[in-house]
Amino acid sequence: FKMDVSKPKNEVVLDAEGYLREHKIQDLFEDLLTIVCHKQPENLEQFLVDALKQRKEHNSRSIVYNEAELQNIFHLFDLKSEGHISKTQCREALQTLANSEYHFKQTETDSIPDKVDLFTFIKL
């Protein structure tokens, strides 16, 4: 008697892959890895706990960049200091900030207004 376990294994793998995609687990770990490499904290475990808490507080938005860094990027693209940037400039700025292929592709599909002010940019 030989039992075929390949089908259930494939179903388990497919279920796991679906779960990872649905909950954006790879994106979470890419964000965490990026911020750990950037900050190189002494107490890694506490740093990761704090980073996850921050992510939860900001409704799962990226935790890699703080508000001051996002403001600096916005001002780099707002060369004339008009207080807003175009949709194209915003998309380029967001692509500059993308720390994964997923985030980069997201900039191409995100709905971006024709004019983007600093507040809107930070929310994106």
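The axes of helix α4 (residues 67-77) and helix α5 (residues 87-97) come within 10 Å of each other and cross at roughly 140°. Helices here are DSSP runs of H or I with at least four residues, strands are runs of E with at least two, and both are numbered from the N terminus. Axes are lines fitted to C-alpha atoms, for helices over the stretch in contact, with angles between N-to-C directions running from 0 to 180 degrees. The structure is a predicted model, in which local features need pLDDT of at least 70 and side-chain atom pairs count only at pLDDT 80 or more, while totals for chains, interfaces and linings use all residues. Residues are numbered from 1 along each chain as its sequence is written, and side-chain values use heavy atoms, with hydrogens and water left out.

The helices α4 and α5 are therefore oblique to each other, a class left over once angles under 35 degrees (roughly parallel), over 145 (roughly antiparallel) and 65 to 115 (roughly perpendicular) are set aside. The crossing of α4 past α5 is right-handed, the near helix being turned clockwise from the far one by less than a right angle. On the α4 side, the contact (heavy atoms within 4.5 Å) is made by L70, I73 and F77; on the α5 side, Q89, E92, A93, T96 and L97 take part. By class, five nonpolar, two polar and one charged residues form this contact, where Ala, Val, Leu, Ile, Met, Phe, Trp, Tyr, Cys and Pro count as nonpolar, Asp, Glu, Lys and Arg as charged, and the others, Gly among them, as polar.

Within α5, the residues C90, A93, L94 and L97 are buried, that is, under 20% relative accessible area; exposed means over 50% and partly exposed in between, with a 1.4 Å probe and protein chains only. Viewed down the axis of α5, its buried residues fall within an arc of 95°, so they line one face of the helix. The arc is that of the directions from the helix axis to the C-beta atoms.

Several loop residues were also examined. Q40, in the loop between α2 (25-39) and α3 (44-57), has a positive phi of about 45° although it is not a glycine. Q40 is exposed, with a relative accessible area of 61%. In the loop between α4 and β1 (84-86), S81 likewise is a residue other than glycine with a positive phi, near 55°. S81 counts as exposed at 62% relative accessibility.

S111 lies in the loop between α6 (101-109) and β2 (115-117) and is exposed, at 69% relative accessibility. The C-alpha atoms of S111 and L124 are separated by 9.3 Å, the two residues being 13 residues apart along the chain.
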